[in-house]
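This report examines selected features of a single protein model.

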Amino acid sequence: MSPALAPGAPSSPSVVGWLLRFGLAFALLNTLLTFENRWPGFGVLYMPRLSFELCLAMAALMAWVAWRGQPTRRAAGWLTVGFMALVLVRYANVTAPAVLGRPVNLYWDGRHAADLLAAAAQALPAWQVVAALAALALGLGATGWLVREAIVSLSHGLAWPRPRPWLLATVSALTLSFAAYVPDQRDTRWFFSLPVTPTLFHQASLLARVWLPGQSHAALSESPAFAGDLSGLATPNGQADVLLVFAESYGASTFDQVAQARALQASRELLADAIHAGGRAVVSTRVVAPTFGGASWLSHAALLSGVDTRDPADHDLLLTSQRPTLVSHFARHGYRTVGWMPGLKRPWPEGAFYGFDRLADDPALGYEGPDFGFWRIPDQAAMALLHVQELDRRAPEHDSRPRFAVFPTTSTHAPFQPLAPFVADWARLTGPSAYSAAEASAALAAPVQVAQTSTRFLESLNYQNIWMADYLRRLAPRPFVMVIVGDHQAPALASGAGASWDVPVHVITDHPALLHRLMAQGFVPGLNPPARPLGPMTVLTRVLLQAFDAPPAHDPGHAEQLAMPPSSHQPPAPGS
């Protein structure tokens, strides 16, 4: 740490030394505020741009040194803390769009960061977790030390009066030039990097809106009418059971991107064959999800309530309201409502908003098999338990009420592994021998590699198609409606660059009139959704309500497109 230089005309070596120290310090701080993401992954890339915030800070530091002298050691420490906060915000700002496919959201991402880190940690060997934490701590410590030394060097350099006039003119010119800079595109205008402070202001306003009293003035969008009587689900054999599956990370990129569609073709054909063999048919569409790459709960709330939840603050406000939902609508008309939540690992008092007759979280599902990573209950096992406990009408404990069950899956959640194997014996999945030790060990031993994210993602979707196909072929009750909705696109590491916010929707049933009504609203036969979305997720709520509430009607002319097979199929007993 060099002392302040005395005023006066320095020798030539002193000028060179000043330029070297000052230039290195400025270059270090500038690099830490202008790096970009090295896609795909979590790395960073040097970007030869200037930081607008650093230019402003230089002007402010110059004024401070001229007025009060060099900052004290304590002041330098606080400046270091503030600068490191900007660096972390910069990293989040450039990494979140590349990894998640959406901007960072400190409120929601911060609340669930611990869960995501725990999920990643359970997918890695213990020594790798310890090494990563140690490297992170050392890296942050070393960076903080370098930042403090750079700030001290800059303040020493600014205390030397000789270069101050031209330095002041240079910094002022750079700062004023930013007035002509419109940050509408990343690093495409002149030589400035996208500033960090707008992200800070935006996140601060969001946090204030959520946390400060009197600041949650968001007006929720209008709810659907929820005025029907579900007569559209009536059949000669009674009211149809309805299973709403929120398929985790199931985005339209799996249809739109040729490579992904090709990788899933075989399992999709298996699913289509099983639907037909089970005496059912399927229609599909796509909708625009309110989120991308994560925050699944925004899609859950949007579909179940019909209220726009693109703003996370609106979601929080919704859960404090008395708005009607699909859950309350089905309960009011005699359905037993079940929330089947294998990914719910901690108390969720906000869930009381939905009013499920039964809300089964991870411990309440009754899974007795081995854990498969953080999302420990494989989707097929969760479905087997749901069938035995709620959907099997032949079970002695099953009451006469039809079921409306909501099942958000987890096996297709990032990091998409460890992935359990498909088990042909469904009855085995409901007991302690659900999976053998060898099966669990093999899944847990699979290495976690960022470069393999897309491959793992597609493997998890193939697994999903396979277990769904087998369930529909062998076990699904009758009459039965299965609605499969993607909650959001997968993170950009899996869905690819430039993916839309569209998600597929499939309705599978042995109720032809229901499918006809959906086709009249824009659904198409088969598993492939049309290219244009039906609308936002909230539109789907209204379309489903109309289809569920409409009375059985004459076939409006879509029967030949559906090719509905005979409906005399009866599912065998579990495990047969």
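## Second largest pocket

A pocket is an open set of grid points with protein on both sides within 12 Å along at least five of seven lines. The structure is a predicted model. Its second largest pocket has a volume of about 380 Å³. The lining comprises 19 residues, of which Ala 57, Leu 61, Leu 79, Phe 83 and Ile 151 are the closest to the centre of the pocket.

Three helices each supply at least two residues of this lining: H2 (52–68), H3 (73–99) and H5 (126–158). The greatest contribution is that of H2, with eight residues. Classified by residue type, the lining of the second largest pocket contains 16 nonpolar residues, two polar residues and one charged residue.

## Packing of H9 against H15

Helix H9 (residues 258–277) packs with H15 at an angle of about 5 degrees, and the two axes are 8 Å apart. Angles under 35 degrees count as roughly parallel, and H9 is therefore roughly parallel to H15.

On the side of H9, the contact is made by Gln 260, Ala 263, Leu 264, Ser 267, Arg 268, Leu 270, Leu 271, Asp 273, Ala 274, Ile 275 and Ala 277. H15 contributes Phe 457, Leu 458, Leu 461, Asn 462, Asn 465, Ile 466, Met 468, Ala 469, Leu 472 and Arg 473. The residues of the contact between H9 and H15 divide into 14 nonpolar, four polar and three charged.

## Packing of H13 against H15

Helix H15 (residues 453–474) is also approached by helix H13 (residues 379–391): their axes come within 10 Å and cross at roughly 25 degrees. H13 and H15 are therefore roughly parallel to each other, and H13 passes H15 in a right-handed crossing.

From H13, the contact involves Asp 379, Gln 380, Met 383, His 387 and Leu 391. The residues of H15 that take part are Tyr 463, Trp 467 and Tyr 471. By class, the contact of H13 with H15 consists of five nonpolar residues, two polar residues and one charged residue.

## Crossing of H17 and H18

The axes of helix H17 (residues 512–520) and helix H18 (residues 537–549) come within 9 Å and cross at roughly 140 degrees. The crossing of these two helices, H17 and H18, is right-handed.

Leu 514, Arg 517 and Leu 518 of H17 make the contact with Val 543, Leu 544, Ala 547 and Phe 548 of H18. The contact of H17 with H18 has six nonpolar residues, no polar residues and one charged residue.

## Backbone geometry in loops

The bond from Ala 414 to Pro 415 is cis, with omega near 10 degrees. Pro 415 is placed in the loop between strand S9 (403–408) and helix H14 (437–445). A cis peptide bond also joins Arg 478 and Pro 479, where omega is about 0 degrees. Pro 479 belongs to the loop between H15 and strand S10 (480–486).

A further backbone feature concerns Ala 295, which has a positive phi of about 55 degrees although it is not a glycine. Ala 295 is located in the loop between strand S6 (281–288) and helix H10 (296–305).

Methods:
Residues numbered from 1 in each chain as written. Predicted model: local features only at pLDDT ≥ 70, side-chain atom pairs only at ≥ 80, totals over all residues. Heavy atoms only, no water. Axes fitted to C-alpha atoms, helices over the stretch in contact; angles between N-to-C directions. Helix = DSSP H or I, 4+ residues; strand = E, 2+ residues; numbered from the N terminus. Parallel < 35°, antiparallel > 145°, perpendicular 65-115°, else oblique. Left-handed = near helix turned anticlockwise from the far one by under 90°. Contact = heavy atoms within 4.5 Å. Nonpolar A, V, L, I, M, F, W, Y, C, P; charged D, E, K, R; others polar. 1 Å grid on protein atoms, 1.4 Å probe; cavity = no way out; pocket = protein on both sides within 12 Å on 5 of 7 lines; lining within 4 Å. Points joined across faces, edges and corners; volume = space filled by probe spheres on them.
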